[in-house]
Amino acid sequence: MFHVEHSDAVSESSGPAFHISRPMFHVERSSAVPGPGLRSLRIESLRNIQRLDFAIDTRTLLLTGANGAGKTSILEAIYLLARGRTFRGTKAGPLTTNGASFTRIEGVYQPSDREAVRIRYVKEGAAATRAVHPPLWPETGGADWRSPLQVKLIGENAQTLLDSEPSLRRRFLDWNVFHVEHRFAQLHKDFTRVLMQRNAAIRSGGSQRGLWDRSFIELAESMDRQRGLFHAEWRACFLDLRDDYPFLRAADLHYRRGWPDGRALGETLDSLADQELTRGYTLAGPSRADFRIEPGEGRRGFSRGQAKIVVALLQLAAERVHRAHGRASVIWLLDDLEAELDRAMAERLWNAFESTGNQIIVTRVATDSDPGLFGKSQSLAMFHVEHQD
Ligand SMILES: Nc1ncnc2c1ncn2[C@@H]1O[C@H](COP(=O)(O)OP(=O)(O)OP(=O)(O)O)[C@@H](O)[C@H]1O
């Protein structure tokens, strides 16, 4: 089937100021049954979106519009459905539309292997709830890391991952480890509990510290094993993807476990005993783990655009690992993918995302009806998002 449709922008929202067009551009070059993906999205009172309701019948959804139109807010809505929290910092202000009392988002997601699920996120004041019908994993109550809807975001400042505090990278790493080995969540929880007890023992003089060391070391080694296994596969996928980007020719992805290689954790902790008493917390173990991209060839770092590519490749590599383990497919949320990239790089990266075969929701700053490099997609609907102040 091949179908291209152009139409003028028509308001589909009942809100006075927010508009999304009917598809301005619709292409279906494949007759394949649509794969897993979000089939519909309804938003009420999220940022500048008073009301929005639309169906998605393509693999790629392109949202175009001027700055501040509300494109990122649509990605945010999908992210809220998937993870129950926003990706924007507190600087973005309250997510509920000024003057409204609640935010409600509803989506229908079609997984690859079972009936469609309806996911609803509601936030009223400080309280937020998320519900999945029918519930898929009653035993976990739908804890967000096992949400039926999985998303991976390349957003504004994606580069922060590379130069932020190690805690952000640890969270990123652990999130990805969870999706290969679900039992990692419990391990992480148990470890955090023992770490807190051990830290409390250090702060109260250290005499009870040894009581926690055995379980601390056992849990630490299990966590390190899981992280190490994931890293080995992740690194292999990253090195494979890296070959398409000459500036990454000699780059590598290293994992640091949180204590020196070739040295037992118990021995390391013994050697740090006095320092721990002075500092008041545990100085070695998985809570000090990190990962690094070494640029190689004597380079000291990456430009902003290069760093964005690196982060995108880290996400693509993680997705390959998850796929190899039979995990549910993710939806890519790509916010202004082209920003900071030259045309050749943007095209290369876009091809890498498209070749995953997963659903992609991508935004583009544009006020015309040109789909740009996304126009070559196999299955694309383009909407224009508009907001009139
Ligand atoms: N609580 C709120 N109530 C009403 N409007 C809000 C609220 N929070 C944010 N906004 C507005 O909603 C809009 C959100 O824009 P968004 O970031 O989604 O736009 P965008 O199309 O992605 O823009 P850009 O291309 O510049 O990234 C902004 O204009 C912002 O001022």
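Is Thr72 buried or exposed? Thr72 is buried, because 24 other C-beta atoms lie within 10 Å; here a residue counts as buried with 20 or more other C-beta atoms within 10 Å of its own, exposed with 12 or fewer, and partly exposed in between, with C-beta atoms placed from the backbone. Please keep in mind that this is a predicted model, where local features need pLDDT of at least 70, side-chain atom pairs count only at pLDDT 80 or more, and totals for chains, interfaces and linings use all residues. Residues are numbered from 1 along each chain as its sequence is written.

**View 1. The whole chain, to get your bearings.** The protein chain has 9 helices and 15 strands, which are DSSP runs numbered from the N terminus (helices, H or I, at least four residues; strands, E, at least two). Of its 389 residues, 38% count as buried. Among contacts with a separation of 6 or more, 71% come from residues 24 or more positions apart; two residues are in contact if their C-beta atoms, placed from the backbone, lie within 7 Å.

View 2. UniProt, in an unreviewed entry, places the feature "binding site" at Gly65, Ala66, Asn67, Gly68, Ala69, Gly70, Lys71 and Thr72. UniProt positions follow the numbering used here, feature names are shortened, and annotations may be inferred rather than shown by experiment. Gly68 lies in the loop between strand E6 (60–65) and helix H1 (71–83), and it is exposed because 12 other C-beta atoms lie within 10 Å. Thr72 is found in helix H1 and touches Asp335 and Thr363, leaving aside residues up to four places away in sequence. The unreviewed UniProt entry also has the annotation "domain: Rad50/SbcC-type AAA", covering residues 40–86. Over that stretch the chain is 28% helix and 43% strand, with the end C-alpha atoms 19 Å apart.

**View 3. The shell around the ligand.** The ligand is surrounded by 16 residues, and the closest are Asn48, Asn67, Gly68, Thr72 and Ser73; a residue is near a molecule if its C-beta atom, placed from the backbone, lies within 6 Å of it. H1 gives the most to this shell, with 3 residues. By residue type, the shell has 3 nonpolar, 11 polar and 2 charged members. In this grouping, Ala, Val, Leu, Ile, Met, Phe, Trp, Tyr, Cys and Pro count as nonpolar, Asp, Glu, Lys and Arg as charged, and the others, Gly among them, as polar.

View 4. Look for Phe87 in the loop between H1 and strand E7 (102–110). Phe87 counts as partly exposed because it has 17 C-beta neighbours inside 10 Å. Its contacts, not counting residues up to four places away in sequence, are Glu76, Tyr79, Leu153 and Gly155. Phe87 and Gly155 are 68 residues apart in sequence, yet their C-alpha atoms are 8.6 Å apart in space.

View 5. Of the 82 residues in the largest nonpolar core, Ala77, Ile78, Leu81, Val151, Ala317 and Leu333 touch the most other members. Such a core is a set of buried Ala, Val, Leu, Ile, Met, Phe, Trp, Tyr and Cys residues joined through C-beta atoms within 7 Å. Helix H8 (residues 304–324) gives the most to this core, with 11 residues. The core draws at least three residues from each of domain 1 (29–150 + 328–344 + 358–388) and domain 2 (157–327), bounds that come from an automatic or database domain assignment. Val151 touches Ile78, Tyr79, Ala82, Val330, Ile331 and Leu333, not counting residues up to four places away in sequence. The centres of domain 1 and domain 2, taken over C-alpha atoms, are separated by 29 Å. Across the boundary, 6 residues of domain 1 are in contact with 9 residues of domain 2. The side of domain 1 that touches domain 2 has 4 nonpolar, no polar and 2 charged residues.

**View 6. Backbone spots worth a second look.** Most residues other than glycine have a negative phi, and most peptide bonds are trans. A cis peptide bond joins His133 and Pro134, with omega about -10°, and Pro134 is found in the loop between strand E9 (127–133) and strand E10 (150–154). Asn157, in the loop between E10 and helix H2 (160–163), has a positive phi near 60°. Asp336 has a positive phi of about 50° although it is not a glycine, and its place is in the loop between strand E13 (330–334) and helix H9 (343–354).
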